[in-house]
Amino acid sequence: MTSTYIVSGFAVGLLVGLTGVGGGSLMTPLLTLLFGINPTVAVGTDLAFASITKSAGTLAHRIRNTVHWDIVRRLCIGALPAALLTTLALKYFGALEQHITQIIRYTIAFSVLLTAIAIIFRGRMQAWITAHPERQLHGRAQMIATVVAGAAIGTLVTVSSIGAGAVGATVLVMLYPHLKPAEIAGTDIAYAVPLTAIAAIGHWWLGSINWELLGMLLLGSVPGITIGSLAARAVPEKFLRGLLATTLTGVAAKLVL
């Protein structure tokens, strides 16, 4: 079983390296469906996994100066309190209780499907918002929308561990269409670090992190992400995103059924 976890970590890491998305949206359902891990434990373990892997990504983007820290701050103003409040709600209702784990399972399915939609339609959304500058938010309205979006994603991530990647990037595309792709990626990863860290600490408090499993997943994912990143330019992005979106849609259906 140990080798299976390592191979799974490698496979997910490879796909993340190739496409830039799909970490939580693949890892959490994989742990739940394939290995029968309790959904709450799968979420907590994946959040700890994400906080570690995204920290390395943030460092790389900081060196390349592709992080907009003012946007990161706005997102965190909404996301971090939402993560704390959601953790307290999970504690109150019993995060490991059967009825709560079932709700979390459905939330994971919703988050996976939302990620698939974001992957498929992100390009079209960006084209539409660019073609309609009058629809773009500015100033105070843009700031408030960013904080609200951060709060929504913070809640979703704490419950399902999914949403900080493709969904967060899509929100940035809609609210800040002037950002370059590398800046969207860097800003998205940077704000996800404190969010996933706070949510992971919350799940540690809830007792829903499997540290041994986390270590095995990291052992496989680090070389997977490295190889995937190096091979990314050789594989058509459109094909990979289509494959990922199809896989995620199937995963969401499986979780519900």
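Leaving aside neighbours within four places in sequence, Q142 is in contact (heavy atoms within 4.5 Å) with R74, L137, L175 and Y176. The model is predicted: local features need pLDDT of at least 70 and side-chain atom pairs count only at pLDDT 80 or more, while totals for chains, interfaces and linings use all residues. Residues are numbered from 1 along each chain as its sequence is written, and side-chain values use heavy atoms, with hydrogens and water left out.

Q142 belongs to helix α6 (residues 139–160); helices are DSSP runs of H or I of at least four residues, numbered from the N terminus. With a relative accessible area of 12%, Q142 is buried, a term for values under 20%, whereas exposed means over 50% and partly exposed in between (1.4 Å probe, protein chains only). A polar atom of the Q142 side chain lies 2.9 Å from the backbone oxygen of L175.

The structure holds 3 aromatic pairs, in which ring centres of Phe, Tyr or Trp (its six-membered ring) lie within 6.5 Å; planes under 30 degrees apart count as stacked, over 60 as edge-to-face and the rest as tilted. The rings of Y5 and F35 are edge-to-face, because their centres are 4.6 Å apart and their planes stand at 65 degrees. Y5 lies in helix α1 (residues 2–19) and F35 in the loop between α2 (23–33) and α3 (39–63), so the pair ties together parts that are 30 residues apart in sequence. Both Y5 and F35 are buried.

W204 and W211 also form an edge-to-face pair, at 5.9 Å centre to centre with 85 degrees between the planes. W204 is exposed, at 55% relative accessible area, and W211 is partly exposed, at 47%.

How values were computed. Helix = DSSP H or I, 4+ residues; strand = E, 2+ residues; numbered from the N terminus. Polar contact = N/O pair within 3.5 Å; in protein donor to acceptor, adjacent residues only side chain to side chain.
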